[in-house]
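Welcome! Here is a friendly tour of a structure that may be new to you. Please have a look at it before reading on.

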Amino acid sequence: MKNRKVVEVDNLTKTYFMPGGLSQQVLRGISFEINEGEFVAIMGHSGSGKSTLMNTLGCLDRPTSGKYFLAGQEVSKLTDDQLAVVRGKTLGFVFQNFNLLMKRTIADNVSLPLLYQGVSKKECYERASAMIERVGLKGYADRIPNQLSGGMQQRVAIARALINNPKIILADEPTGNLDSQTSDEIMSMFQDLNNEGITVILVTHEADVAMYAKRLLRIADGVIEYDGSIKDYFVKEDK
Amino acid sequence: MFKRIFGESWISITSYKLRTFLTTLGIMIGVAAVVLMVAVGQTVQNVIDESFASMGGNLLIVLPGASTSGGIRTAMGRPTVSRQDMDAMKDIKDVVTTSYASMSGVQAIYGKNNWSVAVTGTTPDYLDVGNWEINRGIAFTEKDLKAAASYVVLGQTVVDELFGFENPIGKTIRLQNIPFMVIGTLKSKGPGLTGDDQDNLILMPFTTLRQKIRGARQPQMINIGFVKVTTEDKLDAVMQRVNYLLRARHNLKENDDDDFTIRNMAELVAQVKKVGFYLSLLLGAIASISLVVGSIGIMNMMLVSVTERTREIGTRKALGAPNKWIMMQFLVESILISFMGSFMGLVLGVGLSQIGGVIFEQNVPISIWTVIVSVSVAIVVGILSGLFPAIKAMKLDPIDALRYQ
């Protein structure tokens with residue numbers, strides 16, 4: 001596989017301005033690149049800027065300064081609606097608490113990103129059914145989330161993240177609400193997806209979850225503290 | 001795209017059935033109240049219109065006796081106007097015709113049936129000025145008037161009471177033991193403005209009443225006179241001329257008060273119509289209050305819904321929903337609720353007003369305007385009460401919304 005850059009972040013900063021003239025710089029000049037097909041874990045203590053970085057990478061937030069190229073497109077200065085289009089077409093989200101629509105069927109949930117791209121109802125259902133089968137939930141298309149276990153719900157969320165053929169899957173603590181056995185299942189699933197060539201960015205604070213990734217970005221006090229092989233990092237720490 | 005927004009909104013409101021139904025109820029009651037009250041107002045106005053139409057338009061009424069005398073109401077009904085006075089008015093400019101009447105209460109007998117009724121002695125023109133139509137048979141003529149013929153024309157109530165289903169034409173009835181031949185019957189007018197029975201009457205030539213019922217010694221005085229004028233705008237001018245004529249004929253001096261009263265029917269009609277109109281307006285305004293309360297209910301429910309569904313909004317935004325889409329979804333939800341409420345309210349209001357119409361034996365009209373106005377009100381109420389919550393939903397920051405518990 002060619003090493004095409006899918007994420008290119010250059011000197012990214014984020015400052016929150018609070019009323020009364022106070023301000024807090026959360027990201028202080030972050031630069032890195034992610035190539036297509038990588039499996040990257042972002043780690044850091046709470047308050048390290050990890051979540052802000054994730055929100056920026058997910059196009060939910062704009063940086064104060066610096067550049068962010070997502071699949072070759074500079075997205076740091078786009079409007080809300082332009083960002084919505086980018087999110088809908090190039091990103092797939094997996095959240096800690098699944099964020100499924102509890103009143104809607106599994107098929108409706110999985111096809112939700114397609115809704116905003118003008119895909120017809122029939123095609124939505126067909127593509128959703130295929131994706132539901134792919135994550136191992138064949139026959140569940142017309143159920144509602146409450147009838148499914150936590151692990152199954154997270155699989156639905158993964159199916160939803162995959163439905164629009166995204167460039168990157170962003171998983172924010174995807175196993176935070178799951179027991180260890182189910183966590184392993186979900187993480188194996190991410191590993192399988194990555195083996196198929198999908199770029200995965202994983203935010204976690206658990207080392208054993210992070211170990212599924214290949215590369216580690218460790219954030220501390222708004223700067224990158226470590227960027228390299230995940231095995232090397234933990235092997236060093238063990239010594 | 002709009003079809004998909006509509007679909008999403010529809011699923012959302014049908015997911016919370018009880019809440020949606022209760023919110024709909026508020027609008028439903030509001031619209032039903034408006035429809036019902038407008039129908040009541042319309043019916044009242046129609047009853048007024050019909051009652052006055054049955055009395056005839058463009059009409060001056062001449063009553064004997066002064067309405068006031070030196071500030072004091074006196075001599076009301078004192079016989080001062082004669083049939084000759086009324087006949088003389090026919091030569092006044094812009095007068096179509098005149099008529100007059102005199103009434104006496106009598107006991108009417110046919111076979112074993114007897115019935116107490118007011119007999120009206122009048123002229124053939126009375127049918128025209130009083131908007132009466134012949135149902136069966138014929139009316140009496142000027143010739144009958146001159147000859148004081150013993151002919152009577154019966155109102156529907158009298159026909160029912162004396163003859164039942166028997167054909168009264170050509171039959172003889174007795175009034176104060178004097179035989180009269182029934183030559184015609186009048187078309188029913190139904191109850192009058194005050195609920196009185198307008199059909200309980202017998203018409204006969206004025207001369208016949210005077211000679212046969214009252215006795216020939218009675219003077220040629222009348223109880224009421226009618227002056228039919230060409231057009232409504234001539235009423236005031238003709239009123240003046242009638243006044244001059246009567247004063248001259250009665251030899252009244254310059255300082256004498258009128259010994260008669262002239263009433264302008266059109267003026268009275270206009271005033272009563274105005275009262276009817278304001279009554280409709282008042283009823284509609286009161287009903288509108290419940291519509292306002294209903295729309296506040298929608299806004300309240302939508303605000304709760306937006307707060308409750310903050311996470312859903314965040315998720316939708318993260319997955320690529322544009323702001324406009326989010327706003328439209330919530331706006332369409334509130335429009336749908338108010339539209340359904342209005343439709344049910346319309347059905348309820350129309351239904352109740354028709355049931356009321358049956359109970360009170362009135363024809364209750366439902367105008368197309370009631371339908372158009374309630375549907376437009378529904379859309380406006382839906383937009384107004386949904387706009388603020390929808391904008392609130394649109395402005396939610398996806399990061400905060402996703403974190404919301």
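## Cavities

The structure holds two cavities of 30 Å³ or more. A cavity here is a set of points, on a 1 Å grid over the protein atoms alone, where a 1.4 Å probe fits but cannot get out; points are joined across faces, edges and corners, and a volume is the space filled by probe spheres set on them. The largest cavity has about 50 Å³ of space. Its lining residues (those with an atom within 4 Å of a point) are S12(B), I13(B), Y16(B), R19(B), T20(B), M301(B), S305(B), R309(B) and E333(B). Helix 1 (2-15), helix 2 (17-55) and helix 9 of chain B each give two or more residues to this lining.

A word on the numbers: this is a predicted model, in which local features need pLDDT of at least 70 and side-chain atom pairs pLDDT 80 or more, while totals for chains, interfaces and linings use all residues. Residues are numbered from 1 along each chain as its sequence is written, chains are lettered from A and ligands numbered from 1 in the order in which they are written, and side-chain values use heavy atoms, without hydrogens and water.

## A buried valine

V306(B) lies in helix 9 (residues 265-308) of chain B; helices (H or I, at least four residues) and strands (E, at least two) are DSSP runs, numbered from the N terminus. V306(B) counts as buried (under 20% relative accessible area, with a 1.4 Å probe and protein chains only) because its relative accessibility is 2%.

Leaving out residues up to four places away in sequence, V306(B) touches I313(B), F330(B), P389(B) and A393(B), where contact means heavy atoms within 4.5 Å.

## Aromatic pairs

Over all chains there are nine aromatic pairs, meaning rings of Phe, Tyr and Trp (its six-membered ring) with centres within 6.5 Å. Y100(B) and F206(B) form an edge-to-face pair (planes over 60 degrees apart), at 5.0 Å centre to centre and 85° between the planes. Y100(B) is in strand 2 (residues 95-110) and F206(B) in helix 7 (residues 206-213) of chain B, 106 residues apart. Both Y100(B) and F206(B) are buried.

Key. Buried < 20%, exposed > 50% of the residue type's maximum accessible area, 1.4 Å probe, protein only. Phe/Tyr/Trp six-rings, centres within 6.5 Å; stacked < 30°, edge-to-face > 60°. 1 Å grid on protein atoms, 1.4 Å probe; cavity = no way out; pocket = protein on both sides within 12 Å on 5 of 7 lines; lining within 4 Å.
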